[in-house]
Amino acid sequence: MAKRNNRETILVIEDDPDICGFAARLFQLEGYRVLQAEDSETGLRLVRKKRVDLVLLDLRLPKIDGWTVLKELKSNPELSSIPVVVFTASAAASQRNRALAEGAAAYLVKPLSAAKLRKTVAHILHHKGRQ
Amino acid sequence: MEHKLNILTVDDDAGLTSNLQDLFEAEGYDNTIAPDGQTALTLCLGKDFDLSLIDFKLPDMTGVELIKKLTKLSPEMVYVIVTGYASLESAIEAVGKENIVSYETKPLNMGRLLALVKEVETRKRAEEALRESEARYRTIFETTGTAMLISEEDTTISIINTEFKKLCGYSKEEVEGKKSWIEFIVKADVERLKESHHLRIIDPNAAPPYYEFQFIDKHGNVKDIFITLALIPGTKKLWDRLLDITERKRAEKALRESERRFRQFFENAPEYCYMVSPEGIILNINNAALKVLGYNKGELIGKPVQTIYAPEPLSKVKQVFEKWRKTGKLRDEGMDIITKKGDKRQVLLSATAVKDKEGRILHSISIQTDITERKQAEEALRGERDRAQKYLDVAGVTLVALDAKQKVSLINKRGCEILGHPEEEIIGKNWFDNFVPDRVRSEVVAVFNKLMAGEIELVEYYENSVLTKTGGELLIAWHNTVLTDERGNTIGILSSGEDITERRLLWKRMIEYEELSKLKSDILSTVSHELRTPLAIIKGYSTMLVDYTQKLSSKEKTEHLRSIDNATDRLTELVDHLLDMSRLDAGLLKLDMAFTSISKVIKGAVAEASLRTPKHNIASHVGGRLPRVNIDTKRIRQVLDNLIDNACKYSKEGTEVVVSAQREGKELVVSVADQGTGIHAKEVNRVFDRLHSAEKRLTSQGEGLGLGLAISKGLVEAHGGRIWAESELGKGSTFYFSLPLDTKRGHNHGEEE
């Protein structure tokens with residue numbers, strides 16, 4: 001159970017409005033502060049300007065895809081510590097391995113239950129907090 | 001021819017002449033009296049006298065002088081000299097005795113004189129008869145057409161005829177009485193003929209009545225003469241008939257020469273020669289045959305011809321023999337002959353029939369050419385060739401040799417199989433004309449000719465098509481070697497070719513298969529991706545609704561449930577697309593056809609799209625009266641929706657999307673035009689490919705499977721129409737599809753209002 005005073009901020013980068021809405025609502029219900037971006041440019045701008053504790057990243061995005069965002073975050077020393085959870089419809093193992101190798105904290109494949117998404121994010125944030 | 005003697009009495013004694021006149025007239029003789037020599041001479045000019053009685057002593061000349069003069073005028077006349085003196089015998093000698101029959105002294109004994117006259121008369125008559133006979137004889141002698149002569153005992157030629165004159169080249173005067181027949185005989189024959197002559201003179205039957213000898217004429221020409229001789233009865237005169245047989249001799253000689261040559265050939269020919277009777281009996285056989293068969297001549301002559309032929313198959317010998325008897329000839333019949341020792345030899349038998357004037361076969365001339373060694377050599381060569389051919393045939397590749405004139409000089413079994421022709425239909429044919437497809441011929445021939453001319457180096461490997469008997473083409477991979485003669489000149493080319501048609505096809509199929517499986521994998525991956533998105537919504541919201549049911553307001557719950565509902569619609573649509581695609585692929589799509597107004601369909605589609613996409617300005621421009629079309633309305637509507645949605649998707653909000661329709665010939669053409677980004681020229685015709693859309697989906701934005709255009713294409717084609725696009729980057733795209741107008745039925749259903 002996450003605590004309300006955690007107030008960690010989660011950035012959701014997801015172009016499908018229904019999925020974006022779902023994820024954002026879930027994290028709100030869990031007491032996180034939520035930022036939403038429907039494309040990569042918006043997402044990257046937000047992560048640079050605001051405090052973000054975790055990024056939930058879709059890979060297939062218009063214009064700039066999720067892979068570019070992941071690379072951008074991990075190659076920037078100021079941002080590289082922010083855990084990135086990939087949330088994608090692509091189930092290929094090659095994609096998973098590549099994402100983890102490029103620094104993703106977790107690779108989640110759609111569809112996913114609310115509980116699994118919540119637990120994964122909580123675990124990563126808790127683990128990070130302990131460090 | 002009774003001819004009374006004409007008598008001329010010359011005497012100046014009138015009493016005597018009158019007495020004589022009476023005497024002769026009484027006897028029926030014609031007597032003329034001349035009193036002197038001159039009168040006698042004058043009378044002789046006008047008449048022929050047979051006998052003249054002349055007084056030795058005439059008034060104007062002597063009796064001897066008169067006889068001399070009269071002999072000149074009338075040479076056949078005979079004389080009786082009447083004289084009173086017997087002492088003048090010496091003078092009479094000088095006249096010559098021949099014509100003076102008697103000397104009578106005066107007084108004349110009339111009885112004796114008359115007897116004398118009668119004797120003269122008889123002699124004259126006989127001479128006349130002989131003359132007549134001789135004249136007849138001479139006529140025959142002259143006109144017989146055969147050269148003739150009469151010669152005397154001493155070989156002098158007394159008479160010749162015109163033919164002999166022609167034969168010998170001399171005139172009659174040059175020959176008659178002057179030449180001996182011996183002068184006309186060539187030296188070699190002289191003694192023989194002289195001897196026969198002597199024998200004949202002694203006894204006409206002791207010498208042969210005819211000869212052949214060689215005659216030499218005035219100009220030294222030698223002629224072959226057949227001479228028939230006969231003694232004229234009662235004389236030693238020879239009557240000779242000469243026949244010029246030079247031409248006959250020459251012909252005979254030529255014949256003899258020909259016969260000699262034939263015999264020489266027959267005896268010495270390297271071939272085996274036989275003469276065989278129509279009954280099949282060996283009449284003659286030459287040395288070569290005897291030598292090879294191992295018999296001597298006596299052992300074979302008179303034996304049946306079967307003796308020299310191998311007993312098996314005997315029917316062959318009979319058959320061939322019958323063939324010869326019927327046709328009179330044989331040509332290169334393959335036969336086996338058998339030697340005395342029992343060895344077989346192979347011969348080619350040729351024979352002709354020698355026939356008599358009536359056409360009956362006398363015998364055959366048979367010639368056998370021994371081909372045993374040749375056959376053996378051929379056998380060995382064939383063995384060699386067969387072995388080589390086997391190697392060639394065993395080879396799984398085509399082997400072809402071409403000479404410099406482009407003709408096939410060799411091809412192996414595999415090559416024949418590939419081309420579908422038997423070997424004999426290929427060997428000697430022009431390779432390029434017959435076995436290379438038209439479209440590449442000139443190019444290949446040019447290369448070949450340059451190669452033969454030494455203008456280019458050998459192309460050791462190339463791939464080329466050949467033309468098969470059935471008109472098909474096979475792709476062959478060729479490896480080539482140039483063939484050269486001992487001087488190093490290029491004389492042809494040897495190529496081994498491998499049929500790579502199947503392999504090439506397999507490659508193609510493999511590539512296609514790989515592309516297809518990649519496509520399938522891409523589609524699967526896309527499908528999976530597209531399914532997971534709505535599923536994520538359903539899963540996410542449904543679990544949230546369960547997990548957070550206490551915290552959610554009923555209004556919020558309703559929103560989430562609506563999202564779940566939308567997501568299931570998306571899933572349904574995806575499944576429908578997939579099914580459409582697979583039905584189109586399998587040709588299983590069923591169309592529910594009906595004659596429909598296209599204007600209504602377009603208007604309906606535009607109205608609904610305007611609701612779905614309110615930010616675009618969607619309009620329909622359907623001009624004029626359009627015929628009804630036979631379509632599945634639902635499916636054509638699906639195509640329209642897809643094209644309109646695409647147009648909206650790839651163009652900015654607020655821009656126009658125009659849907660139009662118009663008749664073009666036997667088609668109705670519908671178009672959807674946007675003012676969007678447009679499509680690159682290279683891409684414009686690929687947008688209907690599934691592969692293309694799948695690729696696009698994976699690498700870019702947008703939702704859905706991207707199968708929309710591929711499905712639209714399938715649907716339009718299922719209606720018998722076409723679909724295409726025109727586009728310019730930055731200016732927008734126009735998508736068209738056509739629907740065929742069934743003109744007959746279209747009219748029956750009337751035109752739209």
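Here are a few questions and answers on a predicted model with chains A and B.

Q: Why is C20(A) called buried?
A: Buried is the word for anything under 20% relative accessible area. C20(A) comes out at 1%, so it counts as buried.

Q: And what makes C44(B) buried or exposed?
A: Its relative accessible area is 5%.

Q: What makes the pair E556(B) and R25(A) a salt bridge?
A: The rule wants a side-chain nitrogen of Lys or Arg within 4 Å of a carboxyl oxygen of Asp or Glu. Here the N to O distance is 2.2 Å, so the pair qualifies. Across the interface of chain B and chain A, the rule finds 3 salt bridges, along with 12 residue pairs in polar contact.

Q: Which elements of chain B supply the side that touches chain A?
A: Those giving two or more residues are α17 (501–547) and α18 (554–586) of chain B. With 14 residues, α17(B) gives the most. By type, that side of chain B splits into 7 nonpolar, 10 polar and 8 charged residues.

Q: How do you know how much area chain B and chain A bury between them?
A: Buried area is what the two parts lose on being put together, summed over both, so the figure of about 2000 Å² covers both chains. Carbon and sulfur atoms carry 59% of it. In chain B, H529(B), R532(B) and Y548(B) lose the most area to chain A, together 28% of what that side buries.

Key:
Residues numbered from 1 in each chain as written. Chains lettered and ligands numbered in written order. Predicted model: local features only at pLDDT ≥ 70, side-chain atom pairs only at ≥ 80, totals over all residues. Heavy atoms only, no water. Buried area = accessible area lost by both parts, 1.4 Å probe. Polar contact = N/O pair within 3.5 Å; in protein donor to acceptor, adjacent residues only side chain to side chain. Helix = DSSP H or I, 4+ residues; strand = E, 2+ residues; numbered from the N terminus. Nonpolar A, V, L, I, M, F, W, Y, C, P; charged D, E, K, R; others polar. Buried < 20%, exposed > 50% of the residue type's maximum accessible area, 1.4 Å probe, protein only.
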